[in-house]
Amino acid sequence: MRDCHGIGVIRRNSTVMGIVEAKDLVFEYVKRDEEGNAEGFVRALDGVNISIKKGSIIAILGGNGSGKSTFAKHINAILYPGEGSVFVDGKDTRKPENLWDIRQEAGMVFQNPDNQIIGNVVEEDVGFGPENMGIPTGEIWERVNESLKAVGMYAYRKHSPNKLSGGQKQRVAIAGVMAMHPKCIIMDEPTAMLDPKGRKEVIRQMRALNDVERITVILITHYMEEAIYADKIFVMDEGRVAMQGTPREIFSDVEALKKLRLDVPQCTYLAHVLSKEGFTLPKGILTREEFIQEMVKHTGGRFYSGSLEGVSEPKKPSHYTDPGRSKRDPRESLILDHVNYFYEKGTSGEIKALNDISLQIGKGEFIGLIGHTGSGKSTLVQHLNGLLMPGSGHVYFKGQDISDKKFNKKDLRSSVGLVFQYPEHQLFEETVFKDVCFGPKNTGKSQKDAELAAFEALRAVGLPEEYYYSSPFELSGGQKRRAAIAGVLAMKPEILILDEPTAGLDPRGRDEILDLIKDLHEKQGITIVLVSHSMEDVANYVGRILVMDKGRIIMDGDTRHVFMRYKELEEMGLSAPTVTYLMHDLRDRGFDIDPYVTTIDEAKREIMRILSPGI
Amino acid sequence: MLRDITLGQYYDTRSVIHELDPRTKITGTFVFIISLFIFRSAAAVILATLFLVSAVLLSKVPFSYMLRGMKSIFFILILTVVLNMFLTPGITVFSFWIFKITDEGLKIAAFTAIRLIYLIIGSSLMTLTTTPNNLTDGLESLMSPLKIFKVPVHEVAMMMSIALRFIPILMEETDKIMKAQEARGADFDSGNVIERAKALVPILVPLFVSAFRRANDLALAMEARCYRGGEGRTKMKPLVYKKRDLAAYAVLFFYLALVIASGILLSRYGLA
């Protein structure tokens with residue numbers, strides 16, 4: 001039983017059966033009340049039938065709580081079927097004698113990069129699996145070096161995992177699984193906690209794994225763009241397989257996916273909205289290239305010249321202008337004046353986290369802050385409400401210097417609300433309502449006033465009233481996030497800063513939170529600073545973008561101006577929205593189109609414009 | 001507070017001492033500390049000084065690093081010296097009001113101070129020249145005979161190594177939670193003791209929840225990678241004694257022999 005390598009295991013029916021076969025799989029969690037008595041069952045999986053072909057890439061999509069992670073844990077024999085069965089490479093997961101073979105053959109990469117690395121040194125972590133399998137020392141080293149080279153992390157083999165970026169940590173985790181020589185690798189939202197650069201690294205690695213090593217990949221994700229590489233997609237909903245098919249088939253049905261809390265890739269969606277306007281492109285367009293080809297085909301080459309000849313020069317706003325500058329009243333603004341900030345000042349490890357930042361945030365603005373991990377966004381944001389004080393330079397709020405001894409910092413904290421990343425991790429009270437009262441009470445409000453503020457905030461975030469008095473830990477992910485945002489909102493901030501408020505949510509959850517923020521801006525007049533990794537979200541919602549790199553603000557302007565400089569953004573590890581690239585591509589193919597479009601809506605109008613010149 | 005934990009203080013100079021097997025270093029430190037406390041002659045102190053100084057020199061670690069550990073015991077050091085000086089009976093050499101200092105007191109105080117300082121330097125030398133992982137491995141290997149008495153040696157070592165990995169992560173997390181609650185107007189710096197203790201609840205609850213979540217995730221990740229305890233596990237970096245370890249053990253044995261010999265000789269001729 002110790003022999004986990006799977007050598008000499010007879011593969012029965014492996015040509016007929018898929019590598020993973022789930023038949024009528026049912027799994028129930030026992031739901032317990034506060035005393036730990038069983039209250040009932042929650043059916044997490046309800047008759048799942050999935051067959052996965054060896055050597056393929058499979059994507060499993062589904063909203064939060066649809067059962068996809070529960071299913072993933074069945075493939076690795078971490079959970080066992082309540083009813084029905086799961087066979088991995090012909091072995092029944094319920095049979096104890098198969099346990100270690102299955103865990104070796106079906107490796108698993110989890111969501112949180114920190115919580116799955118066991119070793120204190122990269123190479124030791126990769127060796128953890130082989131050590132457990134009882135592989136001789138010499139061979140462990142061979143496997144470790146081989147796997148680290150395969151994921152491009154060999155140079156980091158002696159490093160501490162704590163010093164790596166998220167994407168690098170996930171690659172180490174992948175190497176750790178590969179060192180066990182699996183036949184199949186299950187990745188449970190491996191990119192959910194990464195920035196776009198890390199996400200790309202991991203997806204590239206995943207594809208290489210499948211391509212070069214012929215390992216079957218099962219990818220669970222919330223990012224539709226990642227699923228287009230799959231050979232087959234399974235869409236899960238309420239513990240069942242709601243849809244299955246090739247990416248093209250699945251993404252053809254935009255409405256159905258939206259109902260399942262999901263989304264489609266940007267190009268697919270643009271084609272879909274164009275079809276609604278009567279300009280019918282085939283369904284299930286996945287990539288930019290496909291979109292362009294269909295456009296060319298559809299217009300019968302009418303616009304296609306293959307060159308830029310005859311295409312008028314786009315009206316390129318020649319110089320950067322900050323549209324709101326004159327409107328901002330300094331007495332109503334938050335102003336940073338030549339702010340510098342150092343970490344570990346005076347030591348050899350001194351890092352200049354903020355480098356001469358000057359910035360004015362006016363009343364009523366909706367600002368997007370973008371930059372890769374480590375560009376200084378978090379440090380900047382913490383200066384805005386006095387959590388960090390400038391090393392040099394000044395921060396003024398409504399004309400007052402916040403470093404001034406007479407300045408009341410508590411007032412600043414309530415005037416400038418800061419919602420951290422994964423804010424639900426800071427909930428601590430017995431009930432949601434009490435937790436939301438925490439902020440206003442700290443600012444010295446009476447119990448009654450605090451409760452009133454809490455009610456108002458909870459209503460504003462749209463949390464159903466039945467949850468007000470339940471424990472914050474019982475809520476679903478999206479609801480927890482709402483409750484946490486309410487906790488900051490209850491302090492009645494004039495400026496609300498949100499650090500990646502949509503991280504880890506499914507597409508519907510993401511849209512709901514963004515719409516909520518938009519509402520707060522429009523209806524309550526709250527100034528918003530949105531820190532985000534998603535260029536699409538930024539393009540859709542904000543009016544002004546700040547781009548940070550290496551502790552500096554590199555760009556500051558409206559969406560169109562910033563994304564116009566997409567080449568510079570790429571050098572910083574950022575990008576423009578997909579539609580911007582698509583429009584550039586179309587233009588390069590001879591379509592006389594404005595390439596500086598940033599949203600699907602604008603793109604639709606622009607394409608309609610050139611297609612129906614009469615209107 | 002957590003930041004002062006000395007375990008992560010590894011100072012890499014790739015010296016001979018660094019290259020020694022962790023078991024050799026643990027045994028050596030242990031023997032050295034025992035020798036400090038059993039033998040109380042001037043000759044033993046001289047020998048210990050020689051032993052320690054040569055080890056420190058061989059390690060190439062700057063001496064100031066050794067002294068860093070001293071800060072934490074500074075108060076205890078002063079206290080023991082003062083108590084020993086004033087409270088030991090003997091011939092008075094200096095008196096002031098009700099206090100008197102005896103010759104015996106001075107001698108004992110000096111010996112105690114030296115012992116404590118050597119103890120700290122000796123153990124700092126071990127942690128400065130051994131990575132935490134090696135230390136855990138060494139302890140696991142040295143304690144493995146205890147398995148006969150059902151002591152879960154492997155599990156304890158695994159726990160230590162996981163703790164080492166997660167201490168920095170949890171520290172960062174604490175910092176983040178504190179900031180998040182501060183952003184909601186929490187105040188950790190003012191108020192009386194009770195108020196301050198109360199102010200910790202909004203930090204501790206999320207911190208524990210997070211620690212449990214991480215523990216749960218980690219357990220899953222370990223199981224998924226075929227972890228099933230120490231039974232049948234092989235080692236990627238097994239501990240192997242090398243020639244220099246033999247030499248080190250010889251030196252250690254020689255030192256111990258000298259200390260014992262000096263003790264016996266001195267007491268036989270009544271010189272102690």
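**Entry 1**

I looked up D511(A) to start with and found it partly exposed, with a relative accessible area of 28% (buried is under 20%, exposed over 50%, partly exposed in between, with a 1.4 Å probe and protein chains only). Its side chain meets that of R510(A) in a salt bridge at 3.2 Å, N to O (a side-chain nitrogen of Lys or Arg within 4 Å of a carboxyl oxygen of Asp or Glu). R510(A) is partly exposed too, at 21%.

A note on conventions: this is a predicted model, where local features need pLDDT of at least 70 and side-chain atom pairs count only at pLDDT 80 or more, while totals for chains, interfaces and linings use all residues. Residues are numbered from 1 along each chain as its sequence is written, chains are lettered from A and ligands numbered from 1 in the order in which they are written, and side-chain values use heavy atoms, with hydrogens and water left out.

I then asked for the total, and the structure holds 50 salt bridges over all chains. I picked out a few.

- D601(A) and K604(A) pair at 3.9 Å, N to O. Both lie in helix 23 of chain A, three residues apart, about one turn of the helix (helices are DSSP runs of H or I with at least four residues, strands are runs of E with at least two, numbered from the N terminus). An α-helix has 3.6 residues a turn, so residues three or four places apart point the same way. D601(A) is partly exposed at 43%, whereas K604(A) is buried at 17%.
- D137(B) and K235(B) have their closest N and O atoms 3.6 Å apart. This pair links distant parts of the chain, 98 residues apart: D137(B) sits in helix 7 (residues 132-143) of chain B, and K235(B) in the loop between helix 10 (201-224) and helix 11 (243-268) of chain B. Both count as partly exposed, D137(B) at 22% and K235(B) at 30%.
- E28(A), R43(A), D46(A), E83(A) and R240(A) are linked in a network of salt bridges.

**Entry 1: where chain A meets chain B**

How many residues of each chain take part? I found 61 residues of chain A in contact with 43 residues of chain B (contact means heavy atoms within 4.5 Å). Between them the two chains bury about 4,800 Å², 56% of it on carbon and sulfur atoms (the accessible area, 1.4 Å probe, that two parts lose on being put together, summed over both).

I counted eight salt bridges between chain A and chain B. One to look at is K237(B) with E123(A), at 2.9 Å, N to O. Among the elements of chain A that give two or more residues to its side are helix 3 (122-126), helix 5 (137-150) and helix 17 (477-489). Helix 4 of chain A gives the most, with six residues.

**Entry 2: a loop glycine and a helix threonine**

Which loop holds G239(A)? I found it between strand 9 (232-237) and strand 10 (240-245) of chain A. G239(A) counts as buried because its relative accessibility is 0%. Its C-alpha atom is 7.6 Å from that of G47(A), 192 residues away along the chain. Leaving out residues up to four places away in sequence, G239(A) touches A44(A), L45(A), D46(A), V48(A) and S66(A).

T70(A), in helix 1 (residues 68-75) of chain A, is buried at 8%. Its side chain makes a polar contact with that of Y29(A) at 3.5 Å. Beyond four places in sequence, the contacts of T70(A) include A44(A) and L45(A).

**Entry 3: enclosed helices**

I checked helix 13 (residues 377-384) of chain A and found it largely enclosed by the rest of the structure, because seven of its eight residues are buried. Among the buried ones are K377(A), Q382(A) and H383(A). Just after this helix, G386(A) takes a positive phi of about 75°.

In helix 12 (residues 288-298) of chain A, the buried residues include E290(A), F291(A) and E294(A). Their cover includes helix 9 (247-252) and helix 22 (578-588) of chain A.

Terms used:
A polar contact is a pair of N or O atoms within 3.5 Å; within protein, one must be able to donate a hydrogen and the other to accept it, and residues adjacent in sequence count only if both atoms are side-chain atoms.
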